[in-house]
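Please look at the sequence and the model shown here, and keep both in view while you read.

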Amino acid sequence: MIQQTIFPFKIEPTRERLTAHGGLVLMAEFNHGIGLRDLTDQYLPAPGSNRGFDPSEVVDAVVLMLEGGGRSLEDLRELKNEEGLMKLVGRDEIPEPDTVGDWLRRMGDPSSGEPGLEGLDCVRGKINERILRRDGIKEYTLDADAMEIIGEKADALFTYNGNKGYMPVAGFLYETPVCLYDEFREGNVAPAFGQKDFYLRCKQRMPRGKRIGFYRADSASYQAGLFNQLEEDGVKYGVTVDQDKAVKKVIGMMGQEEWREPVRGCGYELAETVHCMNETKKAFRLVVKREIRRQGELFGKEGQYFYHAVATNWLEEEKDTEEVLKWHNQRGQAENFNKELKIGLGMERMPCGQTHANAVFFRIGVIAYNLFIGFKRLSCPESWAKHTIATFRWKMVQVAGRIVKHAGETVLKLMVDLEKLELFKGIRQKSFELSICPDG
């Protein structure tokens, strides 16, 4: 007899109501408790016929698919296979991938005013307001950053990196890292385009009683119009400098005596001066860091040093040269927020050939990201706040469960120890309390 398997067991189907994603119900409860379904049906257009899906059915399904680890619309079929779990969260039917694709195209159609984008903008804003009102913070740091999404789609255009795809911009709050505003852009749109307008749109979406007090960005934001607006609004900023001829000339005029090592032997030196652009209303500090180029003889035209400069309106008594750089370097955390949105929540891949449809999908992805931020901060233990979505899936979502009916009640039996069971019950309790009064 020939052995046809490696290990001595058989595979057979079962008709029992089982699930491999038992913990996903906790995320679904939070989403519902904070008002995702009601808000979606309130702000997005209703279906054109009685046989169509309500907006909440589509958006809720896509959000759960992304939170569960799905990467494309085809992965909605995995939710359909979780029939018992979907019934637990009140979803007897999940729309087909083609149906969702058609819905995305209708919702983003420019000829009808992009109703989905506008509606989802309101949904995102309301959810953010409900999350932020509970964090006890009044003044936030806005980290603005563009991200490249590569995709060989019919409408996709080439980015400045030479890849076909898209170049959306997102504004994240550093303290409670929700995405305040997102703008889906064609690949050939430069990151520097419309930075002032982008900031103003972010500002408009801050909840009442809260404000953007600080702004950080890379050299795409090195623009006089933006600096003037930030000064007018009383916002402290730190922006990577675009080293044009004027900036290089200013740096070149710095005397050797102006450079100092913040820590002896650290390998770099700091100096600063005052600078302005032709259209800026106020001068700003130019904080410069220089390092000796290794193998400098290979880069004779570039000079002996490598320079990194930051423009800031922090007063020197508020932050000295080194503190400005340390504060500005914290914007690197925005790259982690981008990574969580793109890779963690599946936004590195767009599903449709039409840019306007992908813009709707991307905004749903942003909402899924914000819901996850709210879930781990409002319903989960404080020690879980720094976990990524991948860790949540491993520790919470991917839990085997059995759905049974007993004494007229539906019971989800999870394969967890008592400690984790109590953890899950505590999460459910917090989500329930949130659902009683989502607006605080």
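Lys395 touches Trp384, His387 and Lys420, leaving aside residues up to four places away in sequence, where a contact means heavy atoms within 4.5 Å. Lys395 sits in helix H14, which covers residues 389–397; helices (H or I, at least four residues) and strands (E, at least two) are DSSP runs, numbered from the N terminus. With a relative accessible area of 29%, Lys395 is partly exposed, on a scale where buried means under 20% relative accessible area, exposed means over 50%, and partly exposed lies in between (1.4 Å probe, protein chains only). Lys395 and Gln195 are 200 residues apart in sequence, and their C-alpha atoms are 39 Å apart in space.

A word on the source is needed here. This is a predicted model, in which local features need pLDDT of at least 70 and side-chain atom pairs count only at pLDDT 80 or more, while totals for chains, interfaces and linings use all residues. Residues are numbered from 1 along each chain as its sequence is written, and side-chain values use heavy atoms, with hydrogens and water left out.

Taken as a whole, the protein chain has 15 helices and 14 strands, and its C-alpha atoms fill a box of roughly 85 × 60 × 45 Å along the principal axes. Of its 440 residues, 48% count as buried. Among the contacts in the chain with a separation of 6 or more, 64% are between residues 24 or more positions apart. The accessible surface of the chain comes to about 22700 Å², and 49% of this belongs to carbon and sulfur atoms; such areas come from the Shrake-Rupley method with a 1.4 Å probe, and for residues only the protein chains shown count as cover.

Among the helices, H6 (residues 97–107) has Pro97, Val100, Gly101, Trp103, Leu104 and Met107 buried. Seen down the axis of H6, these buried residues fall within an arc of 160°, so they line one face of the helix; the arc is that of the directions from the helix axis to the C-beta atoms. An α-helix has 3.6 residues a turn, so residues three or four places apart point the same way. The buried residues of H6 pack against H3, H4, H7 and H13. In helix H9 (residues 224–232) lies Gln229, which is buried at 11% relative accessibility and touches Lys196, Tyr199 and Leu200, again leaving aside residues up to four places away in sequence.

Side chains of opposite charge can pair when their charged atoms come close. A salt bridge here is a side-chain nitrogen of Lys or Arg within 4 Å of a carboxyl oxygen of Asp or Glu, and by this rule the count comes to 30 salt bridges. One of them joins Glu348 and Arg71, whose closest N and O atoms are 2.8 Å apart. Glu348 is in the loop between helix H12 (333–344) and helix H13 (355–378), while Arg71 is in the loop between helix H3 (55–68) and helix H4 (76–81), 277 residues apart. Another salt bridge, between Arg216 and Asp143, spans 2.9 Å from N to O. Arg216 lies in strand S8 (residues 211–217) and Asp143 in strand S2 (residues 139–146), so the pair ties together parts that are 73 residues apart in sequence. Both Arg216 and Asp143 are buried.
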